[in-house]
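Have the viewer open as you read.

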Amino acid sequence: MNRDMHYLELLSTSFPTIASASTEIINLEAIMNLPKGTEHFLADLHGESQAFQHVLKNASGNIRRKVSELFRGDIRESERRELCTLIYYPEEKLELIKAAEEDIDDWYHITIHRLVSVCRDVSSKYTRSKVRKSLPEEFAYIIEELLHERTDDIDKAAYVKVIVDTIISTGRADDFIVALCNVIQRLAIDQLHILGDIFDRGPGAHIILDTLRQYHSWDIQWGNHDILWMGAAAGNNACICNVLRLCLRYANLTTIEEAYGINLVPLATFAMEFYGDDPCEEFMPKLLRGDKMEEKYQRLTAQMHKAISVIQFKKEAQIFHRRPEWQMEDRCMLECIDYQRGICTIDGKEYEMRSCHFPTVDPEHPNELTPEEYQLMERLHHSFRVSEKLQKHIKMLLSHGCMYTICNQNLLYHASCPLNADGSLKEVNLYKEERYSGKDLMHNIGMIVRAAFNSDTEKELRLFARDYFLYLWCGKDSPLFDKSKMATFERYFLKDKETYKEEKGYYFQLRDNEEVCDRILDAYGVKGKNRHIINGHVPVHASKGENPIKANGKLMVIDGGFSEAYHQETGIAGYTLVYHSRGFQLVQHEPFMSARDAIERGIDIKSTTQLVELSAHRMLVADTDKGEELRSQIEDLRQLLYAYRHGILTEKNKI
C-alpha cells in the first residue's frame, strides 16, 4: 500500500487536480477508440537504398490507393499519377512542373486543395495532437486550419480561399507543397519494422541508415549481415575480413570507402605484391545493375578479394581454436589442405582443389598471419574502430534494435528460433556453460552483443562478446544462421559442388507446421487468436510458386529479395507486409528502376497486393499493445481520482 501511495503521489505531480486527471481519462478513452495505426514490415534490404526510400515514400502503394479512391471519377488517371509522384518527390517534381505549366497559380490552387484532401484522409486515424506534432513548425497553424475546414461549408469557403491565395501571393506555395507532401508521407506509416539485413550486396546501406536516423518511428531486429558489421565495428578482425570480402565480391566499395572512410589502399598494395601473378578467377567480382568495370580494376578487385579471404580463414580459425566449446574447429579449412598435392580432406574424404596458390600460408602453421598480413590487419582494424559515421550507425542499431520483438501479437525476428528434430525449442550453450532456448536465448544474445560495446563490461565477457559476433554470423546454432556450415571456402576452392551444400536447421524444415509455430509463440508468451511469427532471411522463390504465408497463416516470410543479386532467383524484388486497421496485406514489389524514372515519367514500383488476413471488425487502438498501456494508465488515473475524492490525497494548485 505504501508503494501504491508513493506512486499516486508521483502521479499527482502531473495531474494535480480532479479536473486534470478527469480530462486525461477522457483523452485516453477517446484515443482508445481511434483506428489502429498502420505498421509496415520490411526485411533484407541489403543496401538497396533507392527502392527502400521509394517504398517509404509511396507507403507500399498505400498513397496511390488513397489518391485513386479520393479522386476516381473526378480526375484522369494521368493526373492521379502526377499527384502521386509529386507527393513522393515534391522538390524534384515541382521543378519539372514549373518549367512546363503555363498558368502556375491556377495549378497551385488545384494542387494544394488536392493535397489537403489526401492529407486529411491519411490523418483521419490520429488525434489532432499527434497530427500537430508531425507538422513543420512554419506551416503548422495553416495546415491544421485547412485540414479541419471544408470548402463545402459556405461560411468557411471564403476563409479557406484567402488562405490558399495568400500562400501563393507571398511566394510560399512551393515550400508549402513540399511541407504538405512530407506530412502525407509521414502519416501514411505509423510504425516501421525492419526485420534485419540492412547491410551488404547493394551500395546504399549508409543511405538507408541516414534515412532511418530522420524517421519518426522505427525498430529493427538485427540480421546476420547487420551483426557482421556490428562485429567489425566492435573490433572483431574476422568480421572485418568478412565485411571487406563481401564488399569486394559485389564490387561495392562505395559503402566502405566513401561512406565510412575505410582506406583500402593498404589492402590493394598488399594484394598486388602477393597475388599480382595470380589470375584469381574464382574471386572475380559479381557486377550488378549493369555496372561495368575495366579489366585491370576487375583483376585488382579479385586479388584484393582473395587476399582478404585468406586472412579471413586464418582469423576465423584462431577464434574457433580459442572457443572450442563452439565445436567449430572442423571449419579451420587451411589445416585440411595437402598443399603439395592440391587436395583438401573433409570428413576423411579427399577433394580436388580448383587452385592451391597460397603465397602467405605456411603449411606447418597455416593459421598464422605473416608480418605483412598482421600489419595490414592492424591498419584495417584501426580504420573500422575510428570511423565516426560507422560507429554512429552501429549505435543507432543498438538503440533501435534487438534480436526479437513482440508487437501487437506478432513475434518478429530475422531468421530462426533453433529447434530440435521433434520441433521442441533447442537449448543452446551461450557463455560459461549457460544454456538457453527461445525467448531467453534471444534476450541473452542481445545482452552479449551490447556487452561488446560497453566499456564497463568485465574484460573476459567483453572479449567473449567480441568473438561471439563470428558465431552469430556462421555458427550452427546461431538464430541468425541456423545451418550446418557456411561453405565459403568450399565455393572458392573446391571443384566438387557437393561440398557447397549447407544443411538448414530444423526450424527451416518445420516452420510450415502450425503446431510448431504455436509452440514457439507460446514459448515467447505471445497471446491472442490472431498471433503470428514474421521473419525474413531466406528469400521466397515466388517465381517457382513458393508461398510466403506458411503454417496456415501463423508464419509470414517477407524476404522477397530486395537485393538485385536475388532478382533472378526469386523473380520479384521484395515484399512489404502492411498491418492496418482492417488486417494484413502482403505487397509484392517488382524491381524499382530509378527515382529519375519515377519523377520524370511517373513510373511507380509495380506492386501486387495479396490479402493475408482480414479482421471481422476494424481494429482500434484499444485492440493493440498501446491499448493495453492506455488501459493501465486509465486505471491508475481512476485510483488517483478516488484518492482525491476520499481525502487520501489533497488536490494541488486550487484557488
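A pocket here is an open set of points on a 1 Å grid over the protein atoms alone, with protein on both sides within 12 Å along at least five of seven lines, where a 1.4 Å probe fits. Its volume is the space filled by probe spheres set on the points, which are joined across faces, edges and corners. This is a predicted model: local features need pLDDT of at least 70, side-chain atom pairs count only at pLDDT 80 or more, and totals for chains, interfaces and linings use all residues. Residues are numbered from 1 along each chain as its sequence is written, and side-chain values use heavy atoms, leaving out hydrogens and water.

The second largest pocket comes in at about 940 Å³. Its lining has 31 residues (an atom within 4 Å of a point), and Tyr126, Lys130, Asp190, Val621 and Lys626 lie nearest the centre.

Now for the helix crossing. H14 (residues 237-249) and H18 (residues 371-386) pack at about 85°, with axes 10 Å apart; they are therefore roughly perpendicular (65 to 115 degrees). On H14, the contact (heavy atoms within 4.5 Å) uses Asn237, Ile240, Cys241, Val243 and Leu244, while H18 brings Met377, Leu380, His381 and Phe384.

Note on methods: Axes fitted to C-alpha atoms, helices over the stretch in contact; angles between N-to-C directions. Helix = DSSP H or I, 4+ residues; strand = E, 2+ residues; numbered from the N terminus. Parallel < 35°, antiparallel > 145°, perpendicular 65-115°, else oblique.
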